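Please keep the structure open while reading.

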Amino acid sequence: MILDKINMPQDLKTLSADELNKLADEMRALIIKKANTIGGHLGPNLGIIEATIAMHYVFNCPEDKIVFDVSHQCYPHKILTGRKEGFLNPENYLKYTGYTAPEESVCDLFKVGHTSTSVSLAAGVAKARDLAGSKENVIAIIGDGSLSGGEAYEGLNNAAVLNSNIIIVVNDNDMSIAENQGGLYKNLELLRNTNGKAENNFFKTLGFEYFYEGEGNNIERMIKAFKKVKDTKCPTVLHIKTIKGLGLADADKNREIYHWILPGTLDKKPEISSAAPVEDYNTITKDFILNKAKSDPSIIAINPATPGVFGFNKDFRKQMGQQYTDVAISEEHAVAYASALAKCGAKPILCIMSSFIQRTYDQLSQDLCLNNSPATLLVYWGAISGADCTHLGCFDIPLISNIPNMVYLAPTCKEEYLSMLEWSAEQSDYPVAIRVPFGKFVTTGVKDETDYSILNLFKITQSGENIAIIGVGNFYHLALDAAAAIETKLGFKPTVINPGFLTGLDTECLETLKKNHNIVITLEDGVLDGGFGEKISRYYGSSDMKVLNFGAKKDFTDRIPVEELYQRYHLTPELILEDIENIMPARV
């Protein structure tokens with residue numbers, strides 16, 4: 001293998017053109033095999049291989065600084081920067097994260113998993129270099145729709161006036177995660193179609209020196225392009241055209257599906273099944289939105305560039321027509337857009353992942369809640385998980401539930417979820433967020449008749465004594481299991497409560513517990529600091545009630561199996577019971 005000769009980027013400089021192309025073939029095969037084995041970003045990495053080889057052939061990493069955007073395109077970079085064992089040996093597939101990580105290599109400056117940040121980060125690196133009087137190149141690589149994010153525009157605006165070396169590589173594969181959205185991409189299309197010669201040029205308008213290379217998957221041409229911009233004395237954009245999914249026919253043909261794949265995806269062909277889809281929270285959400293939209297033209301579904309997460313396939317998008325907006329990778333805009341829609345009589349339903357809603361705090365506070373706009377936000381994947389540290393979904397409860405005017409709901413099953421969704425879509429008094437249940441699909445078969453306009457009304461689903469367990473959303477079912485363990489071991493039936501609301505307290509319910517309970521336990525599928533459980537602890541702070549809060553510690557966990565985290569945080573019936581027994585002698 002040619003790759004046997006490559007341990008660090010400088011080793012590329014000894015290879016011939018033929019060897020460089022053979023190396024690209026080897027890397028492509030390794031990426032395909034690894035992604036199909038453990039899952040990961042496939043299409044974007046296949047499309048950037050040749051450009052990455054050329055970049056490392058021309059520049060001198062780590063002396064020259066390279067900043068990747070969102071890291072969707074960093075696998076080839078990792079292979080060339082001392083981490084090839086993570087792609088060669090299946091036993092090492094999990095050794096390295098799928099994102100850039102400074103602890104892995106001196107060639108990675110930042111941990112990056114969210115989008116549209118590379119230009120801002122690179123601008124800071126370049127300015128620090130200038131202040132230190134150094135001369136190295138600073139390169140930002142941005143693509144996969146990341147230019148649509150607001151921070152990318154802010155970064156470009158600032159980078160354009162640095163008056164020193166900063167190179168923005170715009171990897172234009174005519175795709176975001178799904179289709180590109182927005183006016184900027186019409187200009188990129190124009191530039192592609194004119195070989196970069198169109199007079200209407202967004203980057204030149206900002207003040208960048210601009211170069212175009214239409215064969216971004218040609219190593220020899222990319223080497224020439226990078227040599228042209230190396231050691232530039234002014235802010236420069238190198239716009240390259242590449243093919244997302246190159247080298248794998250299915251990934252090239254179905255670029256949205258193969259952006260990121262699950263293990264084993266390549267072992268089966270994507271086919272449209274004649275069988276009825278399995279019911280889950282995605283299917284019932286789609287059905288709800290489609291049915292509402294048919295009878296109510298004011299219903300509009302909004303998604304910031306990740307339709308696949310919510311099951312918003314092409315058929316759904318086609319059926320929704322003008323009642324659907326993909327705002328591209330721009331979560332901040334999505335919230336403000338939804339707020340304005342709601343303020344003007346529309347009924348927006350914004351679907352967004354927990355790890356991405358972190359980007360919207362100011363818009364949630366100022367544009368949405370301060371204006372009390374009755375939009376509906378559906379927060380997906382909110383849970384303690386074994387995800388990479390860049391994509392954790394455990395921080396949304398403290399973030400959302402402490403903003404005035406917001407109503408944050410946590411359903412425990414299909415029936416509650418649909419009831420909450422119906423109420424939220426039709427009410428006009430509050431901004432409402434719903435934490436879509438994560439994990440096992442639960443249905444009771446009994447319609448939920450709760451009137452959610454009566455805010456902060458907790459449901460006592462099991463009346464008992466001594467101990468009350470408040471199980472939030474996903475963890476309501478853990479509360480039931482813990483209650484059963486207590487009854488079996490300790491001989492009495494605890495009270496179980498489904499709070500439903502994350503943004504307020506049912507003080508009447510909490511006061512009632514003082515009569516025949518000594519311990520209150522809270523279970524929440526997220527971080528404890530600033531979370532729901534702390535509200536309960538604060539309420540009982542001046543009383544004799546003992547409160548135990550169970551949830552996650554404030555930490556950036558990184559690919560730790562969720563079962564291990566549950567053990568660490570005592571989120572099992574057995575460990576909850578153990579903690580109760582440790583305080584019971586003085587309490588019950």
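Are H6 and H7 roughly parallel or roughly perpendicular to each other? The model is a predicted one, and in it the axes of helix H6 (residues 118-132) and helix H7 (residues 150-159) cross at roughly 30 degrees. Because angles under 35 degrees count as roughly parallel, H6 and H7 are roughly parallel to each other. The points below begin with this pair, then turn to a sheet and its helices, and end with individual residues.

**Helix pair H6 and H7**

- Two packed helices are described by the angle between their axes and the distance between the axes.
- For H6 and H7, the distance that goes with the crossing of roughly 30 degrees is given by axes that come within 7 Å, and the crossing is left-handed.
- On the H6 side the contact involves Val 119, Ser 120 and Ala 123, which meet Glu 151, Gly 155, Leu 156, Asn 158 and Ala 159 on the H7 side.
- Sorted by class, this contact of H6 with H7 holds four nonpolar, three polar and one charged residues.

**The six-stranded sheet**

- Six strands, in the order S9-S8-S10-S11-S13-S12, make up an open sheet in which the pairing is parallel.
- Strand S9 (324-326) and S12 are the edge strands, each of them pairing on one side only.
- On average, and with direction ignored, neighbouring strands of this sheet are turned by 20 degrees against each other.
- Three bridges pair strand S8 (residues 299-303) with S9 in the parallel sense, and within this part of the sheet Ala 301 stands opposite Tyr 324 in S9.
- Helix H14 (residues 331-343) packs on the sheet, where it touches S8, S9 and strand S10 (347-353), and the direction of H14 makes about 160 degrees with that of S10.

- Strand S11 (residues 376-380) is mostly covered, with five of its five residues buried.
- From S11, Thr 376, Leu 378 and Tyr 380 point one way, whereas Leu 377 and Val 379 point the other way, and all of these residues are buried.
- S10 and S11 run parallel and are joined by five bridges, and Met 353 stands opposite Tyr 380 in S11.
- S11 also pairs in the parallel sense with strand S13 (residues 432-435), over four bridges, and here Leu 377 stands opposite Ala 433 in S13.

**Helix pair H14 and H16**

- The axes of H14 and helix H16 (residues 361-369) come within 9 Å and cross at roughly 15 degrees, so that H14 and H16 are roughly parallel to each other.
- The crossing of H14 and H16 is right-handed, and the contact is made by Glu 332, Val 335, Ala 336 and Ser 339 of H14 together with Gln 363, Leu 364, Asp 367 and Leu 368 of H16.
- By class, the residues in the contact of H14 with H16 are four nonpolar, two polar and two charged.

**Backbone features in loops**

- Cys 61 and Pro 62 are joined by a cis peptide bond with omega of about 15 degrees, and Pro 62 lies in the loop between helix H3 (49-58) and strand S2 (65-68).
- Asp 231, although not a glycine, has a positive phi of about 65 degrees; Asp 231 is placed in the loop between helix H10 (219-229) and strand S6 (235-241), and at 42% relative accessibility Asp 231 counts as partly exposed.
- Asn 405, another residue other than glycine, has a positive phi near 80 degrees; Asn 405 is found in the loop between helix H17 (396-401) and strand S12 (407-409), and its relative accessibility of 40% makes Asn 405 count as partly exposed.

**Asp 579 in helix H23**

- Asp 579 belongs to helix H23 (residues 573-583), and with a relative accessible area of 18% Asp 579 is buried, because buried means under 20%.
- Leaving aside residues up to four places away in sequence, Asp 579 touches Leu 548, Phe 550 and His 570.
- Asp 579 and Leu 548 are 31 residues apart in sequence, while in space they are 8.7 Å apart from C-alpha to C-alpha.

Definitions and conventions:
Residues are numbered from 1 along each chain as its sequence is written. This is a predicted model: local features need pLDDT of at least 70, side-chain atom pairs count only at pLDDT 80 or more; totals for chains, interfaces and linings use all residues. Side-chain values use heavy atoms; hydrogens and water are left out. Axes are lines fitted to C-alpha atoms, for helices over the stretch in contact, and angles run from 0 to 180 degrees between N-to-C directions. Helices (H or I, at least four residues) and strands (E, at least two) are DSSP runs, numbered from the N terminus. Angles under 35 degrees count as roughly parallel, over 145 as roughly antiparallel, 65 to 115 as roughly perpendicular and the rest as oblique. A crossing is left-handed if the near helix is turned anticlockwise from the far one by less than a right angle, and right-handed if clockwise. Contact means heavy atoms within 4.5 Å. Ala, Val, Leu, Ile, Met, Phe, Trp, Tyr, Cys and Pro count as nonpolar, Asp, Glu, Lys and Arg as charged, and the others, Gly among them, as polar. Buried means under 20% relative accessible area, exposed over 50%, partly exposed in between (1.4 Å probe, protein chains only). Two strands pair if DSSP finds at least two bridges between them.
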